[in-house]
Amino acid sequence: MPPLPNVIDARVTIAPERARLVVDLADRTAFSFVSLDDPRRLAIDVRAGTFSVPAPEGDLADGGLVSAYAIEQAAADRVRTTLTLAGPAQVQQAYVLDAFEDQPARLVVDIIPATEEEFAANVERDLAASETAAPAASTPAGGSELPIATRPLVVIDPGHGGIDSGAETADGVKEKDIVLAFSLRLQELLVESGRFDVALTREDDSYLRLEERVDLARANKADLFISIHADSFQQPEIRGASVYTRDENATDVLDKVLADNENASDVIAGFAMPQTMAPEVVDILLDLMRREMRVQSYMAAQSIVHQLEPSVALRRFPVRQADFFVLQAPDVPSVLVELGFLSNANDIANLMQSDWRDRTAEAIARGISTYFDSLEEEL
């Protein structure tokens, strides 16, 4: 039996009306969580043999959902992070990400407000679960081990970021800011549906190379990768949303220009071939994988466009193909959504309106759900 991993670090970040716990792990492992009362707490256990987390320094900022947290070795095979709550709260979503480049495996737990009744019900549920479970040193808090991957993982990629601002309006509104705000809203809607685990390639104004975005989705075996953009073009009359899948032959000249602009923002890295296979075998396998992923990507694009049609203005033939590098993963269905054009006054006005952004995000979320529904129907 392999040794249990070490917990490397743990940290809590606070935002208005939500909090996030991130636990860095030496390897992927199981986890569970439990709600506790008197005082109100959330205890999050990971199956781990040791921890090397420095003690938190002082309390967290006032006004957040979590006022303090502590780490302890709760049992020989369990490390517990206890969050002291400032008010009733609950776990919105929790998932584990695989190690990626210099980033270790991570448990991510998102926490949102709850009513007094919801929190009390969670405490009662978790207490009942712990009382009915057979006692064992390896049983996590709450009495049962939660499965790590029970829901599809959707990776949302807000385009650009950091030194790469993307397109920009005449008065200085940047694409990177628009798509990040939109992606956070889309994540919120998908999580609220209860059907998906959702991760973002970036959650702030940070720069990621194109291959890093693709590798993150592949390393975590994403079930769908969706890249969000709002581009510009030299002809200001061009407007409307569209959804792209990858094809080396662009649909038209504009599609090729858009793809070239995105790809030019980074150094393109090739797919690493396994050394144990003959090159011709690898080529055949990759071709088969890519064909299957392109079928699924096209299904996802159609589902999203079908939901967008009644809600927003679309380009003519809105399901399109172009050679976007971020859509190149041979084993992850991938689409790129162009929300509109920052070179068109009507699209800019829409992108600045919260009602339009909400309506569009809701439509895309419905499209993602119907795509996964269609996959289930095929099984």
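Trainee: Which residues of H3 are buried?

Mentor: Leu210, Glu211, Glu212, Arg213, Val214, Leu216 and Ala217. Buried is under 20% relative accessible area, exposed over 50%, partly exposed in between (1.4 Å probe, protein chains only). H3 covers residues 210-219 and is mostly covered, with seven of its 10 residues buried. Keep in mind that this is a predicted model, where local features need pLDDT of at least 70, side-chain atom pairs count only at pLDDT 80 or more, and totals for chains, interfaces and linings use all residues. Residues are numbered from 1 along each chain as its sequence is written, and side-chain values use heavy atoms, leaving out hydrogens and water.

Trainee: Where does Pro236 lie, and what does Pro236 touch?

Mentor: You'll find Pro236 in the loop between strand E12 (224-231) and strand E13 (241-246). Its relative accessibility is 47%, so Pro236 counts as partly exposed. Leaving aside residues up to four places away in sequence, Pro236 touches Ser343 and Asn344, contact being heavy atoms within 4.5 Å. Pro236 and Leu342 are 106 residues apart along the chain, with 8.7 Å between their C-alpha atoms.

Trainee: In what order do the four strands of the open sheet run?

Mentor: E3-E4-E7-E6, with antiparallel pairing. Strands E3 (31-36) and E6 (66-75) stand at the edges with a single partner strand each, so one side of each lacks a neighbour in the sheet. Pairing takes at least two DSSP bridges between two strands; E4 (41-47) and E7 (78-85) have seven. Arg41 sits opposite Thr84 in E7.

How values were computed. Helix = DSSP H or I, 4+ residues; strand = E, 2+ residues; numbered from the N terminus.
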